[in-house]
Amino acid sequence: MKQARAIANINIALLKYWGKFDEINVLPTTTSISFVLDRFYTITTISILPNLKQDVLIINNQLASMDDHQKITSFLDRFDRHDYVQVVSENHVPIKAGLASSASAYASIATAAKKVFNTHWTLSELASITRFGSGSAARSMFDGFVKWNAYSDCIEQIHAPMLDIGMFVVLVDANPKKISSREAMAITKQTSWNYDVWVKKSVQQALDMEAAIMNQDFHVIGQLSQQNALGMHTTMMAADPPIIYLSSESMRIIHELLHLQDQGVALYFTMDAGPNIKILIQDQDREIIESLLHQFIDPLNLMYSKPGKKARIIHE
């Protein structure tokens, strides 16, 4: 039996990937920039077993749905493989809740598949292939700040020191969302009257974000991240039909965070395709900011994470 076991973390985009320029080749309309969180991850084991008549896919101790089975099998076919496999994935992150579970899932699958199939791709080449499983998964292949260039299959690490930052994740709702990111992305791009405005704005934001990362400017990074996320959700709300991921609880928390900003507290927030809120801070401020957040957020729904490591093989 041949086997490989890999772990990958979710990543949170400071500048968002929301919309494909090329659906078939999975090329984005905007440049996204992210980093991985160490608290949330997926572990995937891929095994070549004798006498398998088809791929066997198990996610969180249950056989994968037909949809997930088809997606993962098609993704594995991109590798130079000649055997059926058993894939066992353990997600340590709520699935399909806007917390990038697909990013850690496909990054771990790709990393294990490269090992078990003896595929001789570089990390950059593997990241480029990984985008076909989940676009955001390509960014989970690296540590540090990672950039996926607009209109491109180029996913690369930004060569700058990692800031001493952290992120609170506010779990507003862990249930699967009613509309997938893939579907919502397409509807937004096709029907939102201000989508092109957001895309145009993101061009300058990407240049400014990369400069801020090189300059280690936490406040500019946070401001750009917050503006970009609010802009993305505005484009979704302007779609036809409107796509509204943020709940009344999400909005209540956002108002409280804006109030803290007005008082000079150094925090910035972002949201992906879901109701959950992520709060970017400097790690040195964790204790005081956590005490402030506990005034309006249930501590059971508040999780803290530092930047994580790149996707990697687990040696046992």
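Biologist: Which residues point one way from β12, and which the other way?

Modeller: This is a predicted model. In β12, K278, L280 and Q282 share one direction. The other direction belongs to I277, I279 and I281.

Biologist: Why is β12 largely enclosed by the rest of the structure?

Modeller: Buried means under 20% relative accessible area. In β12, six of the six residues are buried, so the rest of the structure largely encloses the strand. The reason is the count of buried residues: six of the six.

Biologist: In what order do the four strands of the open sheet lie?

Modeller: Strands of a sheet pair through backbone hydrogen bonds, either parallel or antiparallel. Here the pairing is antiparallel. The edge strands, β11 (267-270) and β13 (302-305), each pair on one side only. The order is β11-β12-β10-β13.

Biologist: Over how many bridges do β10 and β12 pair?

Modeller: β10 covers residues 165-170, and β12 covers residues 277-282. Opposite Q282 in β12 stands I165. Opposite I279 in β12 stands F168. The two strands are antiparallel, and the number of bridges is six.

Biologist: How many residues are in the hairpin that joins β11 to β12?

Modeller: β11 and β12 pair in the antiparallel sense over four bridges. Y268 stands opposite L280 in β12. The hairpin joins the two strands through six residues.

Biologist: At about what angle to β11 does helix α6 run?

Modeller: Helix α6 spans residues 218-237. The helix lies across β10, β11 and β12. Its angle to β11 is about 30°.

Terms used
Residues numbered from 1 in each chain as written. Predicted model: local features only at pLDDT ≥ 70, side-chain atom pairs only at ≥ 80, totals over all residues. Heavy atoms only, no water. Pairing = 2+ DSSP bridges. Contact = heavy atoms within 4.5 Å. Axes fitted to C-alpha atoms, helices over the stretch in contact; angles between N-to-C directions. Buried < 20%, exposed > 50% of the residue type's maximum accessible area, 1.4 Å probe, protein only.
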